[in-house]
Amino acid sequence: MNEPVRRLSVVVLAMFLTLMVAASYIQVIAAGDLNADARNVRTLYREYGTFRGPIVVDGESVVWSSPVDDPYNYQRTYSDGPLYAAATGYYSTVFGRTGIEQTENDLLSGTADSLFWTRLSDLVSGETQRGASVELTLDAEVQQAAASALGDDAGAVVALDPRTGEVLAMVTSPTYDPAVLANHSSSEVNAAYQELLAQEDGPLVNRAIAGDLYPPGSTFKLIVAAAALEAGYDADSELYAPDELDLPSTSNTISNYGGKSCAANERQTLAESLEISCNTSFANLGMQLGWSLVESKAAEFGWGEQLSIPLAVTPSVLPDDPDGAQTAMASLGQFDDRATPLQMAMVAAGIANDGVLMRPYLVDSVRDANLRLVEDFEPEQLSEPMTRADANELTDMMVTVVESGTGTAARISGVEVAGKTGTAETGTDARPHAWFVGFAPADDPVVAVAVLVENGGTTDGEVTGGRVAAPIAKAVMEAAIAAGGDS
Amino acid sequence: MATVTDVKVRTGRRSELGLLGLAVGLAVLARGLVDYHADFLELDELAIYAAGWTAVALLIHLAIRRWAPFADPVLVPAVLGLNGIGLAMIRRMDFAYAARGRDTDFGEVQIAWTLLGVALAMLVILLLRDYRLLRRFTYTAGVLGLIGLLLPLVPGLGTEINGARIWISVFGRSLQPAEFAKIAFVIFFAGFLVTNRDTLALAGPKVLGMRFPRPRDMGPLALVWVAAMLVQIYERDLGTSLLLFGIFVAMLYVATERLSWVIVGLGMFATGAVLAGALFSHVASRYTAWLHALDAEVYRSGTSEQLVRGLFGMASGGLFGTGLGEGRPDLVPYAESDFIVASIGEELGLTGLMAILTLYVIIVQRAMRTAIGTRHGFGKLLAAGLGFAIALQVFIVVGGVTRVIPLTGLTTPFLAYGGSSMLANWIVIGLLLRLSDQARRPEEVTP
């Protein structure tokens with residue numbers, strides 16, 4: 001009976017060999033597919049269970065991961081969640097990621113290709129994978145000033161460093177606390193998320209870059225003025241500025257704000273028109289320049305551009321091939337003109353930076369867990385919408401707007417401020433949106449800002465950009481100048 | 001046909017002592033790692049554990065020296081190694097469950113079962129001084145085995161867990177009588193086959209150039225086949241059914257040296273399995289869960305969820321594993337018992353799983369070696385049968401987890417949480433110790 005026993009032991013070996021092959025197949029060959037399977041919660045746990053890098057503003061972590069004793073190992077923690085929510089986004093085990101948490105996820109989680117050497121050295125030294133820290137361009141004081149000035153009003157503030165394109169402040173209101181979504185109890189997160197979704201004023205919407213687009217109103221006159229300067233006009237060129245302007249091929253007319261007249265003799269310089277934000281003269285100017293010229297000037301300032309800062313920015317839009325009457329309206333930032341607050345801040349920044357528009361960006365640098373610099377973002381030129389001379393001429397005109405025109409509420413003592421107000425009709429019975437775009441100091445700008453207050457916010461009485469938005473812009477510019485404008 | 005092979009007279013007791021030291025070291029180190037990763041490491045407690053293991057190993061060593069001095073020196077160390085890793089893994093699951101708010105004491109209970117198992121194995125070599133005594137109980141063993149197999153079907157006594165009716169509750173604890181019935185059947189098969197092997201080996205009709213057994217000798221095989229089919233259908237346990245039938249066919253082959261029996265046997269089982277799949281929906285759903293485990297529909301229905309989660313766990317372990325205590329084996333249901341192999345694959349990686357499988361190969365090959373060295377036909381059949389029982393049980397469990405065969409409810413010997421399996425398999429080791437002791441004993445001192 002020995003021979004069959006020997007054969008039986010060979011059969012046994014074959015059985016075990018089969019098991020080993022099967023195990024190898026699962027753990028090596030099929031492992032990639034199995035690990036990538038959407039039903040594999042392990043992948044989720046692993047992702048949420050590794051040390052995630054912090055998000056840093058001005059050298060201080062505003063979002064970081066602290067160890068906790070639950071299956072996820074780490075809890076995302078916020079020093080000032082609502083203030084930075086527009087930039088950081090949330091990081092939820094139930095609803096995933098948004099904002100910087102999403103766009104910089106592979107760096108924060110430590111899986112990015114650029115972190116290969118970090119991972120290798122961590123492996124050698126026995127460290128577990130640790131994510132990199134992402135430093136934002138935001139300036140804590142400017143951000144705080146913007147949020148405080150905007151208060152409870154629905155709207156947005158964007159402040160840029162015109163010289164570099166760094167985003168100094170990005171505030172949207174109302175905002176939310178990402179901490180309630182980073183909670184590890186899925187039922188509590190669900191409840192909190194449903195509550196946020198149910199709010200009509202949309203706290204999860206980033207109005208600064210990705211909310212509904214807004215009609216820019218009279219702030220769009222800056223684009224028309226820039227186009228005019230390029231077409232050979234100058235600050236003293238006389239414009240036709242009637243009390244009422246007939247629109248071609250219609251029985252409609254355009255009048256000025258509050259029915260006032262711009263000039264006694266229906267003639268007014270470009271500078272004066274901008275200063276008091278005359279409608280009839282700019283509507284007429286737009287028609288005379290022709291829409292294509294205005295449109296291409298707007299495109300040079302960023303309209304229609306798919307920006308990622310790295311948060312995705314909704315492209316601002318303009319009407320396609322408007323007729324004469326529509327061109328007149330569109331020249332006033334009405335009709336089908338739509339823009340994000342970031343877009344309007346870019347207009348200010350382009351004029352401020354001697355006609356050179358820098359690409360806006362929100363991530364300053366990335367450092368691995370050993371504080372080694374992994375990525376360092378350099379300023380980059382996006383376009384050159386104006387010549388230096390034209391830009392300076394337009395700047396001078398904008399200075400008079402703040403000194404003696406519609407934007408006096410943005411005056412800062414001792415500092416020359418350039419600006420333009422906007423009061424955009426929303427086409428409904430609702431109150432208009434209040435706008436202010438500007439920069440300071442006018443001769444050597446360190447900050448360009450755009451303020452939007454939806455439907456004039458909570459102020460009583462008349463809503464104008466000069467009355468509602470200009471004081472907010474003033475507070476933001478003051479904070480930026482006080483911060484030294486050294487960023 | 002040579003039934004006796006000369007074996008060198010070397011007791012190997014000293015090598016055994018060294019190997020036991022290795023096994024104890026493995027067990028203590030594994031537990032230390034588990035405690036460390038659970039932030040629970042207390043050195044004095046670990047020292048007590050180490051002392052306990054050392055004492056157990058020494059006692060085993062002394063007992064074997066006294067009652068089975070020529071026993072195979074590799075068997076017990078290999079088993080203790082598996083057992084130690086199993087204990088550490090089960091303790092690790094206790095920690096994992098505790099972290100999720102579920103209070104379990106699997107680790108502690110399993111230590112008690114292990115000690116009881118070791119004691120039973122020692123009791124076997126103390127009381128059973130000559131394995132040939134067992135031959136007298138051939139038919140008693142057959143009846144006991146049948147009773148054990150059918151006990152779970154007795155109303156009020158048998159309990160159904162996860163759709164398989166293979167448990168009975170005694171004193172508030174669940175027992176799997178099939179684990180013990182397995183031993184009884186091996187004894188019965190050995191006794192029966194050694195008596196009837198000549199008849200069963202008689203040549204029958206010749207088909208396709210191969211001589212088949214005479215149809216009139218098919219009785220015993222048919223009987224076991226019926227029993228296996230009944231277990232599969234009424235106890236819903238494909239594992240025990242396959243184990244029982246497989247052991248019989250293997251032993252039949254060893255007894256008769258006729259491959260034709262294997263072919264007939266496998267053919268009958270395959271036919272039965274296919275028929276059962278066609279006739280009974282619960283059998284069919286098991287097959288579907290096996291063949292289409294990753295299919296979204298099947299997964300959503302829940303039938304393959306445990307299997308697939310086990311696969312996810314093993315995949316996440318990769319080559320070297322996440323490290324003991326650093327994976328998430330608790331995401332797989334029954335990670336401490338039915339799916340302990342997946343837990344090991346996840347945390348110790350393919351490397352660790354290969355090592356575990358190799359330990360089983362060593363144990364089984366020592367049993368086969370014992371069978372070759374044994375002088376009597378009954379002993380040869382018994383040793384080969386017991387060895388193959390361990391091999392087939394591991395194959396069925398690990399094969400189920402790795403999708404080689406449909407998933408069944410058997411436990412991994414010495415590794416998985418569970419008392420019946422631990423006790424029964426230590427008894428098997430006791431029997432193998434006795435068999436190898438007699439096989440390796442020099443002629444002159446044979447009683």
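In which sense do strand E1 (residues 55-57) of chain A and strand E2 (residues 60-67) of chain A pair, and over how many bridges? In this predicted model, E1 and E2 of chain A run in the antiparallel sense and are joined over 3 bridges. Within the pair, Val57(A) faces Glu60(A) of E2(A).

Both strands belong to an open sheet of 6 strands in chain A, ordered E3-E2-E1-E6-E14-E15, with mixed pairing. Strand E3 (74-78) and strand E15 (373-376) of chain A form the edges; each has a single partner strand, so one side of each lacks a neighbour in the sheet. From one strand to the next, the twist averages 25 degrees. Helix H4 (residues 81-88) of chain A packs on this sheet, where it touches E1, E2, E3 and strand E6 (133-136) of chain A. The direction of H4 makes about 95 degrees with that of E2(A).

Elsewhere in chain A, helix H13 (residues 279-289) is largely enclosed by the rest of the structure, because 9 of its 11 residues are buried. Among the buried residues are Phe282(A), Leu285(A) and Met287(A), along with Asn279(A) and Asn284(A). Just after H13(A) comes Gly290(A), with a positive phi of about 90 degrees.

Turning to chain B, helix H5 (residues 138-150) and helix H6 (residues 177-200) pack with their axes 7 Å apart, at an angle of about 150 degrees. This angle makes H5(B) roughly antiparallel to H6(B). The crossing is left-handed. Contributors to the contact include Gly142(B), Gly145(B) and Leu149(B) from H5(B), and Ala181(B), Phe185(B) and Phe188(B) from H6(B). The contact residues comprise 12 nonpolar, 5 polar and no charged.

Conventions: Residues numbered from 1 in each chain as written. Chains lettered and ligands numbered in written order. Predicted model: local features only at pLDDT ≥ 70, side-chain atom pairs only at ≥ 80, totals over all residues. Axes fitted to C-alpha atoms, helices over the stretch in contact; angles between N-to-C directions. Helix = DSSP H or I, 4+ residues; strand = E, 2+ residues; numbered from the N terminus. Parallel < 35°, antiparallel > 145°, perpendicular 65-115°, else oblique. Left-handed = near helix turned anticlockwise from the far one by under 90°. Contact = placed C-beta atoms within 7 Å. Nonpolar A, V, L, I, M, F, W, Y, C, P; charged D, E, K, R; others polar. Buried ≥ 20, exposed ≤ 12 C-beta atoms within 10 Å, placed from the backbone. Pairing = 2+ DSSP bridges.
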